[in-house]
Amino acid sequence: MNVRTLLIALIALLALATWRHAHRPIAHEPGVLVAEVPLQQGLNAGIALLRKGDYSIRPLAKFSLSARVLSRADYSWDTESALAPIDLALGWQRMSDSAVLAKIDISQSGRFYFWRVREFPIPEQEIIESSANMHLIPADKTVLHDIERTRAGDVVTFDGYLVEADGPNGYKWVSSLTRSDSGAGACELVWVENFVIATQ
């Protein structure tokens, strides 16, 4: 192996190590990290439509929350990635407690958030109502950059709107307006205007 090849290999290993460090989950001691539930409020009449590329975005409700990031999924291949390149599975109240989460297997795929248990650490309906998969539409590049920095275990706070997106050829993507649903259509589609990582 010549010096140039060795140098390239070392740089590649360093880049991989840096990426793994930046994306490793953050551990927390047992205890509820976020006691508050998401806040959803009605809109004033006449609120303006928003736009993202070829898409028209209609706000449905004001929305804000603090939550623990349970999982993150990045998308670049589907139609929705032009709007929401990152989904975050989020938990609050007892779904932000490491003691509870240690007994729940969590994953994301195909724009869905999945959880599995061998034995329920808390009631099933509480899991449903205290966690959600959220499709995040960043309002600008600064918000996108902040969302891109998140990893599992972060406690994040953000606000904006639950929205309906309309695009070319009759495309429509509509947010859930309740935290008590599950399955297809239960995810929140959020226009994010401010995004803060409270812990890293």
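This is a predicted model: local features need pLDDT of at least 70, side-chain atom pairs count only at pLDDT 80 or more; totals for chains, interfaces and linings use all residues.

Analyst: Residues are numbered from 1 along each chain as its sequence is written, and side-chain values use heavy atoms, with hydrogens and water left out.

User: How many salt bridges does the structure hold?
Analyst: A salt bridge here is a side-chain nitrogen of Lys or Arg within 4 Å of a carboxyl oxygen of Asp or Glu. R58, E164, D166 and K172 are linked in a network of such bridges. The number of salt bridges in the structure is 9.

User: How many residues apart in sequence are the parts that D87 and R111 tie together?
Analyst: The side chains of D87 and R111 meet in a salt bridge, N to O 2.6 Å. D87 lies in strand β4 (residues 86–91) and R111 in the loop between β5 (105–109) and β6 (112–116), so the pair ties together parts whose separation in sequence is 24 residues. Helices (H or I, at least four residues) and strands (E, at least two) are DSSP runs, numbered from the N terminus.

User: Is D146 buried or exposed?
Analyst: D146 forms a salt bridge with R149, the closest N and O atoms being 3.9 Å apart. Buried means under 20% relative accessible area, exposed over 50% and partly exposed in between (1.4 Å probe, protein chains only). R149, at 37%, is partly exposed. D146 has a relative accessible area of 18%, so D146 is buried.

User: Which kind of aromatic pair do Y55 and Y171 form?
Analyst: Rings of Phe, Tyr and Trp (its six-membered ring) pair if their centres lie within 6.5 Å; planes under 30 degrees apart count as stacked, over 60 as edge-to-face and the rest as tilted. The structure holds 5 aromatic pairs. For Y55 and Y171, the centres are 5.5 Å apart and the planes 75° apart, and the pair is edge-to-face.

User: Where does Y171 lie?
Analyst: Y55, the partner of Y171, is in strand β3 (residues 55–74), 116 residues away. Y171 is buried, at 16% relative accessibility. Y171 lies in the loop between β8 (155–166) and β9 (172–174).

User: Which residue lies over the face of Y75?
Analyst: A charge sits over a ring if NZ of Lys or CZ of Arg is within 6 Å of the ring centre and within 35 degrees of the ring normal. At 4.0 Å from the ring centre of Y75, the residue over the face is R111.
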